[in-house]
Amino acid sequence: MVKVEIVYRGKGLASIHIKGHANTAPAGKDLVCAAISAIAIGSLNALDNADDYAISVEEGDVKIEIPGSLSEHDETVLETMIIQLKTIQVSYREAITIKERK
């Protein structure tokens with residue numbers, strides 16, 4: 001299962017952590033896992049100020065820590081990523097959980 005943890009600081013994002021595998025098909029054929037990976041990596045690639053954040057990408061583990069505030073563009077990118085992940089969760093609850101905390 002993929003576990004997503006989103007942490008907010010005040011009204012803004014503090015961190016996003018995506019960890020695990022969807023396990024809906026054999027390795028290399030798991031379309032749910034591929035979709036989650038594409039959303040995460042595509043979103044990170046779309047950030048304007050990626051150097052301002054602590055980003056770690058390893059197999060089955062993506063972390064972004066936001067020490068300060070986000071630009072309007074980067075906030076839109078990350079909020080869009082969260083919406084996309086929640087959309088996957090609607091159809092594949094057995095493959096992805098999302099927890100948000102403040």
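Contact here means heavy atoms within 4.5 Å. The model is predicted, so local features need pLDDT of at least 70 and side-chain atom pairs count only at pLDDT 80 or more, while totals for chains, interfaces and linings use all residues. Residues are numbered from 1 along each chain as its sequence is written, and side-chain values use heavy atoms, with hydrogens and water left out.

View 1. Helices (H or I, at least four residues) and strands (E, at least two) are DSSP runs, numbered from the N terminus. Beyond residues up to four places away in sequence, Asp61 touches His17, Ile18, Lys19 and Ser56. With His17 there is a side-chain polar contact of 2.5 Å. A polar contact is a pair of N or O atoms within 3.5 Å; within protein, one must be able to donate a hydrogen and the other to accept it, and residues adjacent in sequence count only if both atoms are side-chain atoms. Asp61 is buried but has no salt bridge, and Lys63, the nearest side chain of opposite charge, is 4.4 Å away. Buried means under 20% relative accessible area, exposed over 50%, and partly exposed in between (1.4 Å probe, protein chains only). A salt bridge is a side-chain nitrogen of Lys or Arg within 4 Å of a carboxyl oxygen of Asp or Glu; Lys and Arg count as positive, Asp and Glu as negative, and His and the chain ends are not counted.

**View 2. The hairpin of strand 3 and strand 4.** Strand 3 (residues 54–58) runs antiparallel to strand 4, and five bridges join them. Two strands pair if DSSP finds at least two bridges between them. Ser56 stands opposite Lys63. Two residues lie between the strands, and Gly60 in the turn has a positive phi of about 70°.

**View 3. Asn23 and Thr24 in the loop between strand 2 and helix 1.** Asn23 is not a glycine, yet its phi is positive, about 55°. Most residues other than glycine have a negative phi. Asn23 counts as exposed because its relative accessibility is 59%, whereas Thr24 is partly exposed at 36%. The side chains of Thr24 and Asp30 make a polar contact of 2.5 Å. Thr24 and Tyr92 are 68 residues apart in sequence, and their C-alpha atoms are 9.0 Å apart.
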